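Open your viewer and get ready to select a few residues. We will go from stop to stop, and at each one you will find out what is there.

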Amino acid sequence: MQRKKITALIIALALSLTCLTPAIAAPLTPIIGGMTPQWSNTSFITTGLDLWNPHGWAGGSGYAEGYSGTTQVTLVVTLYEVLPGGGLSYIASDNAAFSGNHGGMNMGRYVLTGRTYRFELVAGVYRNGSWEYTSTYSQGSN
């Protein structure tokens, strides 16, 4: 039984890495009206969600990267069930901190089949004396 769980985890993580949905920050140049892009520290943030229906598995991966000069990245990943009315029901979360300009992590849980799930990432990027927080998510139904 333990071997099946490990195999399921490996497959889920491999599939989640192939189904990433990126959100890439624009370069820091002014645009019309003197506005600048949303992020000043974060260059890249992405999540991927894998739903493995036969075994009721929901797994996800998240990654964030900062511009040159970034010294620390913190990540918080959270798995939710999306309720029929649009609300979210918390399932599990995890967090990690990384020295340097990038970090990534995975998390998965056994869930009920026939439901919709959301894998959310909140990233903190420390650069030039200030923290910047960004978030993204992937959502799907099994």
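**Stop 1: an arginine and its partner**

Select Arg115, which is partly exposed because its relative accessible area is 34%; buried means under 20%, exposed means over 50%, and partly exposed lies in between, with a 1.4 Å probe and protein chains only. Before going on, please note that this is a predicted model, where local features need pLDDT of at least 70, side-chain atom pairs count only at pLDDT 80 or more, and totals for chains, interfaces and linings use all residues. Residues are numbered from 1 along each chain as its sequence is written, and side-chain values use heavy atoms, leaving out hydrogens and water.

Strands are DSSP runs (E, at least two residues), numbered from the N terminus. Glu81 counts as buried, because its relative accessibility is 15%.

**Stop 2: the open sheet**

Four of them form an open antiparallel sheet in the order β5-β4-β7-β8; two strands pair if DSSP finds at least two bridges between them. The edge strands, β5 (88-99) and β8, each pair on one side only. On average, neighbouring strands of this sheet are turned by 15° against each other, direction ignored; the axes are lines fitted to C-alpha atoms, and angles run from 0 to 180 degrees between N-to-C directions.

Select β4 and β5, which run antiparallel and are joined by eleven bridges. Thr74 stands opposite Ala97 in β5. The hairpin of these strands has five residues between them, and there Gly86 takes a positive phi near 105°.

Move on to β7 (residues 116-127), which pairs with β8 in the antiparallel sense over twelve bridges. In the loop between β7 and β8, pick Asn128. This residue has a positive phi of about 50° although it is not a glycine. Is Asn128 buried or exposed? Asn128 is exposed, because its relative accessible area is 62%.

**Stop 3: a nonpolar patch**

Select Val76, Val122, Trp131 and Tyr133, which form a nonpolar patch on the surface with about 360 Å² of accessible area together. Patches are made of residues with over 30% relative accessible area and no salt bridge; like charges are joined within 9 Å, and nonpolar side chains (Val, Leu, Ile, Met, Phe, Trp, Tyr) within 5 Å.

Tyr133 sits in strand β8 (residues 130-141), opposite Gly124. Tyr133 is exposed at 55% relative accessible area. Trp131 is also in strand β8, and Trp131 counts as partly exposed at 35%.

**Stop 4: the core**

Finally, select Ile45, Ala64, Leu75, Val77, Leu79, Met107 and Phe119: of the 18 residues in the largest nonpolar core, these touch the most other members. Such a core is a set of buried Ala, Val, Leu, Ile, Met, Phe, Trp, Tyr and Cys residues joined through side-chain atoms within 4.5 Å. Which strand gives the largest share of this core? That is β7, with five residues.

Note on methods
Areas by Shrake-Rupley, 256 points an atom, 1.4 Å probe, with all protein chains shown as cover. Salt bridge = Lys/Arg side-chain N within 4 Å of Asp/Glu carboxyl O. Helix = DSSP H or I, 4+ residues; strand = E, 2+ residues; numbered from the N terminus.
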